[in-house]
Amino acid sequence: MMTRDQLKTVFKILANVYPNFEVSSEKLDIWHEFLQDQDANAVMERVKAHVKEKKFPPTVADLREQKEKVPPYYDELMYDINAGEDWA
């Protein structure tokens, strides 16, 4: 779980890498609300990856764990060789 102090470290990195990244106690509170359930080490890895590849600072969504979204019928189609084909 991510603590406020760990999030402050993230903010320090982002503020130093992205000059337009503004830091405030209100922003820290809001981001902490949405990131407190995340693993701090995983968030830090996502921060490092983002900084290396992106020109603009991340959003909260960029730093949260991304779960792969699959349609509810995915399992059915995976095993049906004719799935999605009309053999009328």
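## Basis of the description

A residue is called buried when its relative accessible area is under 20% and exposed when that area is over 50%, with partly exposed in between, using a 1.4 Å probe and protein chains only. The model is predicted, and local features therefore need pLDDT of at least 70, side-chain atom pairs count only at pLDDT 80 or more, and totals for chains, interfaces and linings use all residues. Residues are numbered from 1 along each chain as its sequence is written, and side-chain values use heavy atoms, with hydrogens and water left out.

Leaving aside residues up to four places away in sequence, W31 is in contact with L7, F11, L14, F21, P58, T59, V60 and L63, contact meaning heavy atoms within 4.5 Å.

## Aromatic pairs around W31

Three aromatic pairs are found in a search of the whole structure; rings of Phe, Tyr and Trp (its six-membered ring) pair if their centres lie within 6.5 Å, and planes under 30 degrees apart count as stacked, over 60 as edge-to-face and the rest as tilted. In one of these pairs, the ring centres of F11 and W31 are 5.2 Å apart and the planes stand at 85°, so the arrangement is edge-to-face. Because F11 belongs to helix α1 and W31 to helix α2, this pair ties together parts that are 20 residues apart in sequence, and both F11 and W31 are buried.

For F21 and W31, the ring centres are 5.7 Å apart with the planes at 80°, so this pair is edge-to-face. It links F21, in the loop between α1 and α2, with W31 in helix α2, ten residues apart, and both F21 and W31 are buried. F11, F21 and W31 form one aromatic cluster. K27 lies over the face of F21, at 3.8 Å from the ring centre, under the criterion that NZ of Lys or CZ of Arg is within 6 Å of the ring centre and within 35 degrees of the ring normal.

## The two sides of α2

The buried residues of α2 include L28, W31, H32 and L35, and because they cover an arc of only 105° around the axis, they lie on the same side of α2; the arc is that of the directions from the helix axis to the C-beta atoms. On the other side of α2, E26 and E33 are exposed. Among the elements that cover the buried residues of α2 are α1 and α4.

Key. Helix = DSSP H or I, 4+ residues; strand = E, 2+ residues; numbered from the N terminus.
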